[in-house]
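Here are my notes after going through the model you sent.

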Amino acid sequence: MRVYNFSAGPSMLPLEVLEEAQKSFLDYNGSGMSVAEMSHRSKWYDAIHMECLSLIRELMNVPDNYKILLVQGGASQQFDAIPLNLLTKTGRADYVVTGNFAKKAYKAALQFGDIHLAGSSEDKTYTYIPKELDLRDDTDYLYITQNNTIFGTRYTSLPVPKSGVLVSDVSSNILSEVMDVSKYGVMYAGAQKNVAPAGVTIVIVREDLIGDGMKGCPTMLKWKTQADADSLYNTPPCFAIYMAMLNMRHLKKMGGVSEIQKINEYKAGLLYDFIDNSKLYKNYVVREDRSMMNVPFVTGDKDLDAQFVKEAEQNGLVSIKGHKLVGGMRASIYNAMPVEGVKKLIEFMKKFELEHSAN
């Protein structure tokens with residue numbers, strides 16, 4: 001029996017995508033090989049690779065003057081790659097810290113240049129997105145993390161840097177809502193939330209920002225290395241890219257990003273409405289800043305939270321335990337989570353609340 005997997009990542013994939021991968025796992029497209037074992041220089045893999053790049057460009061409406069890179073190292077490797085590639089004019093950047101991953105990115109950048117904390121929501125345990133930012137002139141970029149998987153916040157409007165370009169980590173909301181790529185200099189995403197199994201990271205970067213980077217920038221962290229080679233400079237994570245391609249085919253079939261956004265808004269609305277009207281569950285995020293992908297909630301009793309997680313798993317609702325920094329529960333409802341999964345969760349939450357309302 002398949003379960004509803006509410007993990008923040010790696011997360012669930014559409015059943016149709018998994019079945020397609022299963023069907024061709026031993027023999028892809030008459031090659032006599034699995035994608036997991038074929039050469040990245042083969043004609044079969046080359047077609048997969050190029051289709052993946054093409055689908056990203058189509059689904060996200062990526063302008064022609066942007067390069068799409070498929071790299072390894074996870075989103076975390078870009079914490080170093082971003083300053084190494086972009087701190088080339090003023091050596092200065094502004095960062096907004098809205099959670100654990102934004103803070104890691106900020107700390108990583110400190111070793112490379114004049115890095116300024118332009119805003120933070122740490123004072124209220126990252127339960128809001130700071131609107132008043134201390135932005136500087138003469139910076140190379142402004143960095144944000146657009147969706148916060150741990151604390152459940154998201155930007156609903158983008159800040160505008162005083163100078164330089166906007167750089168955004170979109171790991172947990174890529175392809176979940178329509179984004180105007182032209183507003184960013186760079187956007188990047190680890191695949192394991194909305195795109196594919198872990199292993200590939202998508203970097204979308206404006207062409208004029210691709211150069212040799214800072215002195216000493218390692219070859220494999222230099223965006224130009226992969227941009228010049230269509231992300232085939234070295235062996236890419238072929239199977240993860242194949243799964244990304246299948247997933248984007250599926251998304252296109254569903255009607256594209258604008259259609260999945262409507263479904264995501266509906267799913268999130270159902271869950272938040274139930275929590276807001278519950279006497280047992282609480283979500284502490286400022287309403288206007290609530291994530292559409294990650295919904296944390298608590299009962300206010302750690303023992304009861306632990307019991308909820310245990311019983312939820314027994315009912316086929318798995319990986320719903322909150323991050324250790326927050327506790328409680330967290331429902332990650334990425335693109336692949338069907339409406340039925342959210343409804344089943346709400347039904348269980350109702351039942352659990354009734355059973356414990358008198359306690």
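1. A word on strand pairing before anything else: two strands count as paired if DSSP finds at least two bridges between them. With that in hand, look at Leu70, which stands opposite Ile202 in β10. Strand β2 (residues 66-71) and β10 run antiparallel and are joined by 6 bridges. Bear in mind throughout that this is a predicted model.

2. Staying with β10, its other pairing is worth a look too. β9 pairs with β10 in the antiparallel sense, over 5 bridges, and here Tyr188 stands opposite Val203 in β10. How enclosed is β10 (residues 201-206) by the rest of the structure? Largely so, because 5 of its 6 residues are buried.

3. On the cysteines: the disulfide count is 0.

4. Salt bridges come to 17 in total. One of them joins the side chains of Lys103 and Glu122, at 2.9 Å from N to O. This pair ties together distant parts of the chain, with Lys103 in helix α4 (residues 100-109) and Glu122 in the loop between β4 (114-120) and β5 (141-145), 19 residues apart. Lys103 is partly exposed, with 26% relative accessible area, and Glu122 is partly exposed at 40%.

5. Buried or exposed: what are Glu177 and Arg154? Both are buried. Their side chains meet in a salt bridge at 3.1 Å, N to O. Glu177 is in the loop between β8 (165-169) and β9 (186-190), while Arg154 belongs to strand β7 (residues 153-154), so to speak a link between distant parts of the chain, 23 residues apart.

6. Next, Asp276 and Arg287 form a salt bridge, with their closest N and O atoms 3.6 Å apart. Asp276 is in helix α7 (residues 257-276) and Arg287 is in the loop between α7 and β11 (294-297), with 11 residues separating the two. Asp276 is partly exposed at 29% relative accessibility, whereas Arg287 counts as exposed at 60%.

7. Phe274 and Tyr281 make a tilted pair, because their planes are at 45°, with the centres 6.0 Å apart. Both of these residues are buried. Tyr281 also pairs with Phe297, this time edge-to-face, at 5.8 Å centre to centre and 90° between the planes. Tyr281 and Phe297 are both buried.

8. Which residues do ring pairs link into a cluster? Phe274, Tyr281, Phe297, Phe308, Phe348 and Phe352. As a last item, Lys124 lies over the face of Tyr128, 6.0 Å from the ring centre.

Notes:
Residues are numbered from 1 along each chain as its sequence is written. This is a predicted model: local features need pLDDT of at least 70, side-chain atom pairs count only at pLDDT 80 or more; totals for chains, interfaces and linings use all residues. Side-chain values use heavy atoms; hydrogens and water are left out. A disulfide is a pair of cysteine sulfur atoms within 2.5 Å. A salt bridge is a side-chain nitrogen of Lys or Arg within 4 Å of a carboxyl oxygen of Asp or Glu. Helices (H or I, at least four residues) and strands (E, at least two) are DSSP runs, numbered from the N terminus. Buried means under 20% relative accessible area, exposed over 50%, partly exposed in between (1.4 Å probe, protein chains only). Rings of Phe, Tyr and Trp (its six-membered ring) pair if their centres lie within 6.5 Å; planes under 30 degrees apart count as stacked, over 60 as edge-to-face and the rest as tilted. A charge sits over a ring if NZ of Lys or CZ of Arg is within 6 Å of the ring centre and within 35 degrees of the ring normal.
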